[in-house]
Amino acid sequence: MFTTLISASELQQLGNRHTVLLDCRFRLNDPDFGRAAYDEGHLPGAHYLHLDYHLSGTKNGSNGRHPLPEGQRLAVSLGALGIGTDSQVVAYDDAGGMYAARAWWLLRWLGHEAVAVLDGGIQAWQQAGGELDTGVPERDATRFSMGTPQESAVTLDEIAANLCTPQYQLVDARAPDRFAGENETLDPVGGHIPGAKNRFFMDNLDRDGLFKPAAQLRSEWLALLDGTPAGQVILSCGSGVTACHNKLALEYAGLPGARLYAGSWSEWCSDPTRPVATGA
């Protein structure tokens, strides 16, 4: 069972009829990109999941750009793709796991443990000699059984309370410039939640777009956390997507327990009365 990462070669050798592949390609500035890319070529048998439609819930203007979907609705959608209790799920994208990690987190949130992200994404698959397909696979629908959650999320109120009585360390996954309040193009306000540290999610990857070795990730994260246990860490980003990448890196590094603030900066900054920090 693969629960964090799976390499292209491992996936090619899996050959399991209970394996379900999820294509999660997306572009924040071009929401139609992923489906178009899927139609042009995807891993054989893969189903497409759209970040806005499948991996997010309904926006109300104050709950962030990608609020969590309603769990039962997502479970029905996953069951329709053939994901059952004994399914090994593999999610992939073309952005270093940026979007696939969101699917990984959501399945774990619903209690499905056998889910992994394809390390290196579709590029690694092709470099390993894997072929692409343009057909839409048949759906072998089943019942997705929600189990004991492997992940948990924190609320806006918990983040606000932590400002008054700090108990948790917030870690923001956005690029350093956006964390500092510079070059903000996605949200109406630049900056970060006071007290947060910055760990750009792309720093989890090496120059080839693969996750760094687990030991290296562990060393880097322990240095960042500076004595704070992973169980006292809350992960955020712009809208609860790339924070899942940091969660995946922590799990792979053997540092479990961090929780997700799904609303993240886009929810926090929706109210101008909430405090904002800028700078590194």
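A salt bridge is taken here as a side-chain nitrogen of Lys or Arg within 4 Å of a carboxyl oxygen of Asp or Glu. By this rule, the count in the protein comes to 16 salt bridges. The structure is a predicted model, and the values reported below were computed from it.

The protein contains 10 helices and 10 strands. Its radius of gyration is 18 Å, close to the 19 Å that the globule rule gives for 280 residues, and the protein is therefore as compact as a globular protein of that length. Along the principal axes, the C-alpha atoms occupy a box of roughly 50 × 40 × 35 Å. Of the 280 residues, 52% are buried. Among contacts with a separation of 6 or more, 76% are made by residues 24 or more positions apart. The accessible surface amounts to about 12300 Å², and carbon and sulfur atoms contribute 48% of this area.

Helix H9 comprises residues 242-252. Because 10 of its 11 residues are buried, H9 is largely enclosed by the rest of the structure. The buried positions include Thr 242, Cys 244, His 245, Asn 246 and Leu 248, together with the charged residues Lys 247 and Glu 251. Just after the helix, Gly 254 adopts a positive phi of about 80 degrees.

Glu 251 pairs with Arg 108, with 3.7 Å between the closest N and O atoms. Since Arg 108 belongs to helix H4 (residues 100-109) and Glu 251 to H9, the pair ties together parts that are 143 residues apart in sequence. Glu 251 and Arg 108 are both buried. Lys 247, in turn, forms a salt bridge with Glu 151, and here the closest N and O atoms are 3.4 Å apart. This pair also links distant parts of the chain: Glu 151 is situated in the loop between helix H5 (121-127) and strand S6 (153-154), 96 residues from Lys 247 in helix H9. Lys 247 and Glu 151 are likewise both buried.

Arg 65, Asp 172, Arg 174, Arg 178, Glu 184 and Asp 187 are joined in a network of salt bridges. Within this group, the side chains of Arg 178 and Glu 184 meet at an N to O distance of 3.1 Å. Arg 178 has a relative accessible area of 14% and is buried. Glu 184, at 18% relative accessibility, also counts as buried, because the cut-off for this class is under 20%.

Glu 182 is located in the loop between helix H7 (176-179) and strand S8 (197-198). Its relative accessible area is 46%, and Glu 182 is therefore classed as partly exposed. Between Glu 182 and Leu 14 the C-alpha to C-alpha distance is 44 Å, and the two residues are 168 positions apart in sequence.

Note on methods:
Residues numbered from 1 in each chain as written. Predicted model: local features only at pLDDT ≥ 70, side-chain atom pairs only at ≥ 80, totals over all residues. Heavy atoms only, no water. Helix = DSSP H or I, 4+ residues; strand = E, 2+ residues; numbered from the N terminus. Rg over C-alpha atoms; globule rule 2.2 N^0.38 Å. Buried < 20%, exposed > 50% of the residue type's maximum accessible area, 1.4 Å probe, protein only. Contact = heavy atoms within 4.5 Å. Areas by Shrake-Rupley, 256 points an atom, 1.4 Å probe, with all protein chains shown as cover.
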